[in-house]
Amino acid sequence: MPTEGPATAARGDDLALLGLLQLVSPALPIGAFAFSQGLESAFELGWVSDEASLGEWLEGVLEDGLTRCELPVLARLARAWQESDGEAIARWDAWLAASRETAELAAEDRRLGAALVRLLGSLSLLPGGSTSTTGEAPALPADAGYVTVFAWTAHARGVSTRQALLGFAWAWLENQLAVACKALPLGHTAAQRLVERLRPALVGAVDEALALEDEALGPALPGLALASALHETQYSRLFRS
């Protein structure tokens, strides 16, 4: 009777890694490049004006935002998908939707989620439907947000929870630096210096997010919320509201 050997296990790990790289790639056609998450307004208002102040802004958003909101909820959603717990999936998806403090942030979450759902449908990777190739799984909630769909996709690709969180945080950082390179402007070498500065912080954010209890969750980003709200009526802008 054949058993799984090292080569088979390694191939599964390789496929999971490639699936994660596909999911976090800037080339993924879901339109993430079109949103700045309030950063464009922070430039306009003079809150962020150079490499140093951008690094401080990103560290703050990572510490008080992703670490206490998207990342720990992504871990909970990953567990819910593993356990086929449709009630938990719907509950955490609704929790994330309620945490979006502006119309712009809420619209970004819904639009990216919808775009990823359309892409998964074309790849026959949606859960809970006749086109699913991933076995029995609950259906996605109606108008599921991006984090919920991201969690499903990582699960369907066999990506571990920790690696999914690292990939999500990396995709966020890449997007924010791409915004800065277009709108600040920030040179590409400066962007790479910020990557080097923030890589350890991404790992630390994942460590903390995985340790948080439910009652400790919730973003605390009044500056980002204000910047996002102001961006909705900003006279000249490159990114969507």
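Let me begin with a definition: a residue counts as buried under 20% relative accessible area, as exposed over 50%, and as partly exposed in between, with a 1.4 Å probe and protein chains only. By that rule Arg 68 is partly exposed, because its relative accessible area is 26%.

This is a predicted model, where local features need pLDDT of at least 70 and side-chain atom pairs count only at pLDDT 80 or more, while totals for chains, interfaces and linings use all residues. Residues are numbered from 1 along each chain as its sequence is written, and side-chain values use heavy atoms, with hydrogens and water left out.

Now the salt bridges. A salt bridge here is a side-chain nitrogen of Lys or Arg within 4 Å of a carboxyl oxygen of Asp or Glu. The structure has eight of them.

Take Arg 68 again. Its partner is Glu 208, with the closest N and O atoms 3.2 Å apart. Arg 68 sits in the loop between helix 3 and helix 4 (70–82), and Glu 208 in helix 9, so this pair ties together parts 140 residues apart in sequence. Helices are DSSP runs (H or I, at least four residues), numbered from the N terminus. Salt bridges with shared partners also join Glu 70, Arg 100 and Asp 109 into one network.

Which residue does Glu 51 pair with? The partner is Arg 193, and the closest N and O atoms are 2.7 Å apart. Glu 51 belongs to helix 3 (residues 51–64) and Arg 193 to helix 9 (residues 188–211), so the bridge ties together parts 142 residues apart in sequence. Glu 59 and Arg 197 also meet in a salt bridge, at 3.1 Å from N to O. That pair links helix 3, which holds Glu 59, to helix 9, which holds Arg 197, 138 residues apart.

Next, the inside. There is one cavity of 30 Å³ or more. On a 1 Å grid over the protein atoms alone, a cavity is a set of points where a 1.4 Å probe fits but cannot get out, and lining residues have an atom within 4 Å of a point. The volume, meaning the space filled by probe spheres set on points joined across faces, edges and corners, is about 70 Å³ for the largest cavity. Among the residues lining this cavity are Gly 19, Leu 116, Thr 153 and Arg 157. Helix 1 (6–24) and helix 6 (103–122) each supply at least two lining residues.

Last, Leu 17. This residue lies in helix 1 and counts as partly exposed because its relative accessibility is 48%.

Conventions: On a 1 Å grid over the protein atoms alone, a cavity is a set of points where a 1.4 Å probe fits but cannot get out, and a pocket is an open set with protein on both sides within 12 Å along at least five of seven lines; lining residues have an atom within 4 Å of a point.
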